[in-house]
Amino acid sequence: MKKITRRQALGATAGALTALGLTAAAAGATNAAATPTEPTTPGTVDEVYKGRRIQITAGGGGHHGGHHSPGQPTVRIDGQELHIMRNADGTWISVINHYETFADPKLLARAAVRDLQGAALVPFGGAA
């Protein structure tokens with residue numbers, strides 16, 4: 001029986017991960033066209049992305065009694081608020097993924113939908 005070398009195993013793993021990444025990128029491009037559910041006003045988003053409703057309202061504050069920074073948007077997925085934070089460089093992160101930054105809250109919300117993989121968004125801090 002021939003043993004596989006570490007180099008061969010790493011090469012096979014890298015190839016598989018590359019194939020998965022290309023498949024995910026193609027699927028993301030196919031699903032990139034979101035369907036608006038109703039007309040929106042400037043500074044708001046109301047769309048269905050991958051079967052989940054994303055709503056973004058500009059500058060409301062409101063999370064945990066309104067301690068958002070002034071002008072920070074409120075992001076909701078299926079009616080549940082997604083805790084988001086703005087970085088010093090102007091990018092955004094969420095409680096779903098602190099390790100990837102996004103240029104705007106809409107891209108961040110779409111990434112959160114993908115990362116949730118159909119799971120419900122649980123309120124941050126356990127409050128209902």
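Why is β4 largely enclosed by the rest of the structure? Five of the seven residues of β4 are buried, so the strand is largely enclosed by the rest of the structure. Buried here means under 20% relative accessible area, while exposed means over 50% and partly exposed lies in between, with a 1.4 Å probe and protein chains only.

The model is predicted, so local features need pLDDT of at least 70 and side-chain atom pairs count only at pLDDT 80 or more, whereas totals for chains, interfaces and linings use all residues. Residues are numbered from 1 along each chain as its sequence is written, and side-chain values use heavy atoms, with hydrogens and water left out.

The protein has two helices and seven strands. Helices (H or I, at least four residues) and strands (E, at least two) are DSSP runs, numbered from the N terminus. Read from the N terminus on, the order is α-β-β-β-β-β-β-β-α. Of the 128 residues in the protein, 27% are buried. The accessible surface is about 8,300 Å², and carbon and sulfur atoms hold 59% of that surface. Such areas come from the Shrake-Rupley method with a 1.4 Å probe, and for residues only the protein chains shown count as cover.

Two strands pair if DSSP finds at least two bridges between them. β2 and β3 run antiparallel and are joined by five bridges. They form a hairpin with two residues between them, and K50 in the turn has a positive phi of about 50°. β3 is also antiparallel to β4, again with five bridges, and T57 stands opposite T74 in β4. β4 in turn pairs with β5 (residues 80-82) in the antiparallel sense over three bridges, where I77 is opposite Q80 of β5. A hairpin is formed by β4 and β5 too, with two residues between the strands; D78 in the turn has a positive phi of about 50°.

β2 is largely enclosed by the rest of the structure, because four of its five residues are buried. E47 is buried, with a relative accessible area of 5%. Its bridge partner in β3 is I54. The side chain of E47 also makes a polar contact with the side chain of R110, at 2.9 Å. A polar contact is a pair of N or O atoms within 3.5 Å; within protein, one must be able to donate a hydrogen and the other to accept it, and residues adjacent in sequence count only if both atoms are side-chain atoms.

The largest nonpolar core has 17 residues, of which I54, I56, V75, I77, L82, I84 and L108 touch the most other members. A nonpolar core is a set of buried Ala, Val, Leu, Ile, Met, Phe, Trp, Tyr and Cys residues joined through side-chain atoms within 4.5 Å. Two or more residues of this core come from each of β2 (45-49), β3 (52-59), β4 (71-77) and α2 (105-116). The most come from α2, which gives six.

Contact means heavy atoms within 4.5 Å. V113 lies in helix α2 and is buried, with a relative accessible area of 4%. With neighbours within four places in sequence again left aside, V113 is in contact with Y49, K50, R52, I54 and I77.
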